[in-house]
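Please keep the sequence and the 3D view open while reading.

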Amino acid sequence: MPGPRGKALAALAVLAVLAQQAHCWAVELTNIRHDDPLAFVPWDEARNEPTQVWQGSYTHTERLSCELTTDLLFDWPDLKRSMSLWLEATVRKYHNVTQIYWERIRPIQHALTNIISLHEVMTSRDCILGILAIRFFYLIVQTRSYRESTLVSHNSMTTDWYYIVSKFNWSILVDTGWAPIFFSILAMLSQDFKKSHPDSVWMDCEELPHIGPLSTDMEAYISQDHETWHVFLEGLAQADEESLKRCPCAYAYVAALLATAQEDEKLARKFLDVSQYALRHFREENNFTLANVLLSKWEIFPVLAHATFVLDMPSGSSQKKSCEVLWCPEGGTPNTLTCRCETIFSQEFRNVSACLFVVDTRRRSSLRNITSILNARYWTLAYGINRAYAQDHGFEIDYVQPDSEIHYPERKVGWAKVKVLIDALRERGPERCAYGVSLDSDAFMRTSESLSAIIADYGLDQEKLIMFSQEYHVEQSEQTSSDIFINGGFFIVRNTPEAVQLLQEWYDVPETYEDMAHLKKDNPQGLNLCWDSRMQPKYASVTVLARALGCDMPASRGRCRGRAASLYCAFGNGSPTQLVQGPAVRAGNARHLVAATATKIQLHCVPECVRLG
């Protein structure tokens, strides 16, 4: 039997083995050069065909910047600003990195998770660069094991890297404000990879023709004279395709250094594109391209991060503030594109009775004083705002905790909202509730205009029976042939026998259609999909799908003229509320906005909440 010392040594040996294993890849990381790097096409292994790529414009900088976003779920300018501020502080080693993290990154981490888990590049109709940036950014705020699993074991960033290195010119990324964000993220990923896997760090060429030996320390070039940069420029100009294939990372590094040293902004941008073109010449045989680029000894991305932050300074595109007009106490609806309050719905309407319903299994708390408000969760805060809105306009509002046996037996809880509305409208009748409104618990009203005006504008007081906001982001799974994609988080229905029966038929879809039965439980979007595939084809003539019509983004800068063309309600998928100062979550084109997500609710809503008692 070994003694205590022997046992201790054995334990240390086991720990050493485990530590060594922790720094090994779950799969073998290869670094085999591909003979034809420029011919790379992303491949969909599941379908055994080329991956479908995004069909939008790769050069429309105004739209790609996401400053004119009509996204209903996320405040892209604020997300961009938050990431940029923290990344700049981290890469440049400012003293307040931790403070910026807690102020800017920690509050949005749930939103980042929602984007990663629910949205893909191909389903993004609006902010593709934002989706790509967050897919990369998410790696650095997660664990090392998550990063390595994503980049190596599952190798799931191949298409993302293809977009960055092959589809979007880096000079254009500067104009959009996303360039310093991408390169700072890649710089941090590269640093972490090389630190945890020093044995995998590699170098393509120690010296280059007509340039000579290179230093891997970017700071060694800070005080170089004009002659050094002239040599770099000449050597880069003489590099042919074979040279670029042989030394892609080294040439990309040289071009990045030239971009950093160049005082002329136009030339600096050109060198960024040259660096990108050089890096495009590296392709790994087994598609471990990104992982190997990150492990390159050349400090390509720290140099690019520095260069692009400098180029971003004049415009400040990466750190522009969002519009802070969140509501309109004097009336109207906030338009975040013009940053003004605008009256968008008809003023010729008759007041109608409406009952608003918020359905959630969680108990709401009190909002009687400032302490209770500061401690309240987002569903309570959202309900407080909605109750204030209802009181202002003379509507009823109820917060209903559903009964699992009555409202959603053997179903996802989301179905409860439909059953609650059916029962309440039948019980109260049209005199008391001429219209029923369903609001998800993480949605709140941002408009000060009356629902009566909205109802009149959309013909719900005439031949229409029900109105939905349309889902802005296409649901990813179980898509049907229709292009409807209702958002069940907000809808208005007339309290007539026909309309209530329509709700009942919707609720019964999983029972009526065998192929829909699994949507009772399997999919959180089940009730939306049931409407899209079974109800909408049958009841299209009495359904309003509130969406933007006839908007020309470039011509009108995202504004639709004339009568409001859409009514949107976005929801935050359970995002935790941050009761903080600063821009609220932006819910898209406020010209067409009635309800927004409760991802952030500002302190200036407190007077409205306090008076609820």
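In this predicted model, strand β9 (residues 435–439) and strand β12 (residues 486–494) pair in the antiparallel sense. Five bridges join β9 and β12. Y435 stands opposite R494 in β12.

Both strands belong to an open sheet of six strands. The order is β8-β7-β9-β12-β11-β13, and the pairing is mixed. β8 (396–400) and β13 (543–546) stand at the edges. Each has a single partner strand, so one side of each is left without a neighbour in the sheet. Direction ignored, neighbouring strands are turned by 20 degrees against each other on average.

| Helix | Residues | Strands touched | Angle between directions |
|---|---|---|---|
| α18 | 378–393 | β7 (354–359), β8 and β9 | about 160 degrees with β8 |
| α23 | 526–539 | β11 (466–470), β12 and β13 | about 45 degrees with β12 |

Next comes a helix pair. How do α13 and α16 run relative to each other, and at what angle do the axes cross? The axes of α13 (residues 248–261) and α16 (residues 300–312) cross at roughly 25 degrees. That angle is under 35 degrees, and α13 and α16 are therefore roughly parallel to each other. The two axes come within 9 Å. The crossing of α13 past α16 is left-handed.

From α13, the contact is made by C249, A252, Y253, A256, L257, A259 and T260. From α16 come I300, V303, L304, H306 and A307. The residues of this contact divide into 10 nonpolar and two polar, with no charged ones.

Notes
Residues numbered from 1 in each chain as written. Predicted model: local features only at pLDDT ≥ 70, side-chain atom pairs only at ≥ 80, totals over all residues. Heavy atoms only, no water. Axes fitted to C-alpha atoms, helices over the stretch in contact; angles between N-to-C directions. Helix = DSSP H or I, 4+ residues; strand = E, 2+ residues; numbered from the N terminus. Parallel < 35°, antiparallel > 145°, perpendicular 65-115°, else oblique. Left-handed = near helix turned anticlockwise from the far one by under 90°. Contact = heavy atoms within 4.5 Å. Nonpolar A, V, L, I, M, F, W, Y, C, P; charged D, E, K, R; others polar. Pairing = 2+ DSSP bridges.
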